Amino acid sequence: MGAALAGTPETCDTILLGRVTFTEGAGYWPTVANGEDAGFAQWLDKSPKHVVSSTLDSTLLKGDPAAAVKELKAVEGKDLTVAGSPTLVRSPLEQDLLDELVLLIHPVVASEGRKKPFADDARLKKLEPVSAQPTSSGVIIAAHRSVC
């Protein structure tokens with residue numbers, strides 16, 4: 001899976017994160033010096049990160065996540081990526097601000113306690129498959145584009 005995601009630093013230079021993903025990863029990225037995750041972790045550590053949270057007081061994007069995505073997309077540079085943060089994807093997806101949605105489908109069935117990336121009352125959103133790549137761990141990396 002790490003090898004499949006290794007191209008992300010070449011195409012993305014800004015990361016949008018929710019509070020949980022940010023706080024879970026902030027202590028990890030700077031500590032990875034060796035191994036197959038080292039390059040990706042260094043990219044995560046050094047890339048500009050914008051955190052959407054209603055509870056953190058550090059450098060954050062304030063207000064509506066969709067409006068923040070619009071502003072970040074207007075900045076010159078590479079692509080913007082959302083790392084983890086499944087509930088953070090809701091608003092930009094609903095407002096047609098995501099150019100591509102990449103889902104990492106893990107071979108597990110989770111019951112209660114997991115946040116769903118899509119609300120029960122979300123309107124139907126048609127997606128066009130772009131690619132699907134299985135990994136050695138059984139995860140399927142599936143990319144889709146919105147169909148307007």
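This is a predicted model: local features need pLDDT of at least 70, side-chain atom pairs count only at pLDDT 80 or more; totals for chains, interfaces and linings use all residues.
**Notebook: confidence, cores and strand pairing**

For the protein, the mean pLDDT is 82, with 91% of its residues at 70 or more.

I kept to numbering from 1 along each chain as its sequence is written, and to side-chain values from heavy atoms, with hydrogens and water left out. Local features need pLDDT of at least 70 and side-chain atom pairs count only at pLDDT 80 or more, whereas totals for chains, interfaces and linings use all residues.

Next I looked up the nonpolar cores, each a set of buried Ala, Val, Leu, Ile, Met, Phe, Trp, Tyr and Cys residues joined through side-chain atoms within 4.5 Å; buried means under 20% relative accessible area (1.4 Å probe, protein chains only). The largest has 9 residues, among them Leu16, Val52, Leu61 and Leu97, and helix α5 (residues 65-74) gives the most to this core, with 4 residues. A second, separate core of 8 residues includes Ile15, Phe22, Trp43 and Val51.

I then followed strand β7 (residues 140-146), which pairs with β5 (residues 101-105) in the antiparallel sense over 5 bridges, pairing requiring at least two DSSP bridges between strands; here isoleucine 105 stands opposite isoleucine 140. Strand β6 (residues 127-134) is joined to β7 by 7 bridges, also antiparallel, with glutamine 133 opposite isoleucine 141. The hairpin of β6 and β7 has 5 residues between the strands, and I noted that glycine 138 takes a positive phi near 95° in this hairpin.

Note on methods: Buried means under 20% relative accessible area, exposed over 50%, partly exposed in between (1.4 Å probe, protein chains only). Helices (H or I, at least four residues) and strands (E, at least two) are DSSP runs, numbered from the N terminus. pLDDT is the predictor's confidence in each residue, from 0 to 100.
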